[in-house]
Amino acid sequence: SSKPLLYRRVLLKISGEALMGDGQYGIDNETVKRVASEVKEAQELGVELSLVIGGGNIFRGMSTAAQGMERASADYMGMLATVMNALAVQNALESIGVYTRVLSAIEMTAICEPYIRRRALRHMEKGRIVIFAAGTGNPFFTTDTAAALRAAEMGCDALLKGTQVDGVYSADPKKDPDAERFEHLSYHEVLMRDLKVMDQAAISLTRESGIPIVVFPIGERGGIVGALTGEGPSTVISD
Ligand code: UDP
């Protein structure tokens with residue numbers, strides 16, 4: 001790509017679903033490898049990247065809580081699921097020569113480092129890709145909120161949110177043929193229209209920190225670099 005980069009330091013949020021490929025749950029190795037190769041491409045363009053990985057492909061706390069399990073316990077299981085995904089992505093990145101560190105919001109020192117902000121920044125300065133696991137470490141939160149939080153803590157100039165579609169629509173484009181795609185939205189519009197981009201806590205946090213959210217398709221090759229250069233489809237949310 002010859003186009004200049006729009007962002008230098010970004011937090012990339014990858015949902016658990018984005019790792020499933022065509023499967024209904026779990027981790028699809030080919031998909032993880034493809035995403036890893038795109039992260040490597042972005043890094044080679046000079047972008048400082050860190051990742052927040054979701055866990056919905058393995059476990060979603062809310063739906064289990066609704067079935068009778070205590071919400072907090074179910075949420076802890078959800079956070080553990082994000083650690084599994086983080087290890088899968090770490091493995092895929094390191095197998096193609098990208099140095100990474102997994103930092104978990106819940107201490108698990110036998111398999112990854114605990115999250116310490118200054119350590120995360122140091123890793124990034126050394127050119128490592130930091131993978132944030134276990135969300136915020138708190139039940140009743142989501143990995144979207146974790147992504148907004150880490151983006152602010154790491155001083156990122158954008159939060160890239162990979163989705164299955166190519167941006168934010170006025171309605172679900174898979175169900176409604178009249179759904180309209182937005183090029184740009186304000187945080188306020190997202191909140192007022194209750195658009196399903198990220199949860200409200202995440203939108204509020206990015207708004208307060210002035211970090212734009214770039215919603216882009218992660219299901220197709222080239223999505224990450226396309227979002228970083230503006231050459232690919234995306235919806236940008238800012239003031
Ligand atoms: N979770 C949590 N606190 C956090 C992040 C995640 O309790 O800070 C739990 C919650 O149960 C959630 C699950 O982990 O449903 C998986 O995360 P999420 O649904 O955000 O994953 P994604 O949809 O991105 O795959």
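Biologist: Hello! What makes up the shell around the ligand: how many residues are nonpolar, polar and charged?
Modeller: In this predicted model, the shell divides into 7 nonpolar, 13 polar and 4 charged residues. Glycine counts as polar here, and the closest of the 24 surrounding residues are Gly 54, Gly 56, Gly 61, Gly 78 and Gly 135.

Biologist: Why are strand 4 and strand 9 said to stand at the edges?
Modeller: The open sheet has 9 strands in the order 4-3-5-2-1-6-10-11-9, with mixed pairing. Strand 4 (113-114) and strand 9 (184-185) each have a single partner strand, so one side of each is left without a neighbour in the sheet.

Biologist: How do you know that strand 1 and strand 2 pair?
Modeller: Pairing takes at least two bridges. Strand 1 (residues 9-14) and strand 2 (residues 48-53) have 6 bridges, in the parallel sense, so they pair by that definition. Ile 14 has Ile 53 in strand 2 as its bridge partner.

Biologist: Which residues of helix 7 are called buried?
Modeller: Buried means that 20 or more other C-beta atoms lie within 10 Å of the residue's own. In helix 7 (residues 200-209), Ala 202, Ile 203, Leu 205, Thr 206 and Arg 207 are buried. They pack against helix 5, strand 6 (158-163), helix 6 (187-192) and strand 10 (213-217).

Methods: Residues are numbered from 1 along each chain as its sequence is written. This is a predicted model: local features need pLDDT of at least 70, side-chain atom pairs count only at pLDDT 80 or more; totals for chains, interfaces and linings use all residues. A residue is near a molecule or strand if its C-beta atom, placed from the backbone, lies within 6 Å of it. A residue is buried if 20 or more other C-beta atoms lie within 10 Å of its own, exposed if 12 or fewer, and partly exposed in between; C-beta atoms are placed from the backbone. Helices (H or I, at least four residues) and strands (E, at least two) are DSSP runs, numbered from the N terminus. Two residues are in contact if their C-beta atoms, placed from the backbone, lie within 7 Å.
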